[in-house]
Amino acid sequence: MVFSMTAFARSELSTDQGNLAWELRSVNHRYLESALRLPDAFRDLEGPLRERLRKHIARGKVECTLRFNPATDAAPDLSLNQPLLDQLIEAAGRIGKQLDNPAPINPLELLAWPGVLGGEGRDQVDLKAQADQLFNQALGELKAHRAREGAELRELIESRLDSMAERVITLREMMPTLLAAHRQKLIDRFNEAKLELDSTRIEQELVILAQKIDVAEELDRIDTHINETRHVLDSKAAIGRRLDFLMQEFNREANTLGSKAIDARSTQAAVDLKVYIEQMREQIQNIE
């Protein structure tokens, strides 16, 4: 399945403690870059959520923002971690005995110690669990959005591949006629100049010229790249980088076709191919 890297999702939930809302935005990026913005009370969710993102999304710059508006009648929960507080007081007392004039313990400094106010009430634990589940919902919507847009990108790419395949068929069919016309044009020029050239030598030069302007190999490689691109589009893994590489290979062959063009029709065919390649390349920049 093709996934776009551009998407947006929002999930909201009203609880007894207040209102929770997740907003997830993703744009194209060479690698996966995640940024989570959480209220301080939900900060310990960041690690697990970041890991969850990594399992579901391979590429893109993803911004995840959680907003929490507490209910006006919700009482604050400031429960103490009493075992940790007792350990801190005991340790401070032992250190104080080793000092000549120890300063008294400041209660506010004890409260600021990490983990002293870490003991959470049941309501806070439930609220974090709800935020965690709400994130799953938002992530599911984000992936669905990426899949929908990815399906549209796939249709566009397949349409361009079909057009390229038609151009290759047309160019391959016209090449014998183009080569014969070019051969005759050279013979006519020799005759007009009334040059007495050895016919064997002329044929040798014409064969060499025909080899230089022959594009059968390039057309075969373009067909191969078209088939490989279709195969990649059916892959279940992230495909953006592989598609980008194939666009480079397409461009290489199209440039060679342009350099070997011998009349306006073959030149136009090479230009058309480059246009299709560029149109695909622009869209592939958004594919995961």
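Strand 2 (residues 18-27) is largely enclosed by the rest of the predicted structure, because eight of its 10 residues are buried; buried here denotes under 20% relative accessible area, with exposed over 50% and partly exposed in between (1.4 Å probe, protein chains only). Strands (E, at least two residues) and helices (H or I, at least four) are DSSP runs numbered from the N terminus. The model is a prediction, in which local features need pLDDT of at least 70 and side-chain atom pairs count only at pLDDT 80 or more, while totals for chains, interfaces and linings use all residues. Residues are numbered from 1 along each chain as its sequence is written, and side-chain values use heavy atoms, with hydrogens and water left out.

Strand 2 pairs with strand 1 (residues 7-14) in the antiparallel sense over eight bridges, pairing being assigned if DSSP finds at least two bridges between two strands. A hairpin of three residues connects strand 1 to strand 2, and S14 lies opposite N19 in strand 2. Strand 2 also runs antiparallel to strand 4 (residues 60-70), to which 10 bridges join it; in this pairing G18 stands opposite P70 of strand 4.

Apart from its neighbours within four places in sequence, L257 is in contact (heavy atoms within 4.5 Å) with L171, V215, E218, L219, I222, A270 and L273.

One cavity of 30 Å³ or more was counted. A cavity is a set of points, on a 1 Å grid over the protein atoms alone, where a 1.4 Å probe fits but cannot get out; lining residues have an atom within 4 Å of a point. The largest cavity has a volume of about 50 Å³, taken as the space filled by probe spheres set on the points, which are joined across faces, edges and corners. Its lining consists of L171, M175, I213, V215, L257, K260, A261, I262 and S266. Helix 4 and helix 7 are the elements that give two or more residues to this lining.

Methods: On a 1 Å grid over the protein atoms alone, a cavity is a set of points where a 1.4 Å probe fits but cannot get out, and a pocket is an open set with protein on both sides within 12 Å along at least five of seven lines; lining residues have an atom within 4 Å of a point.
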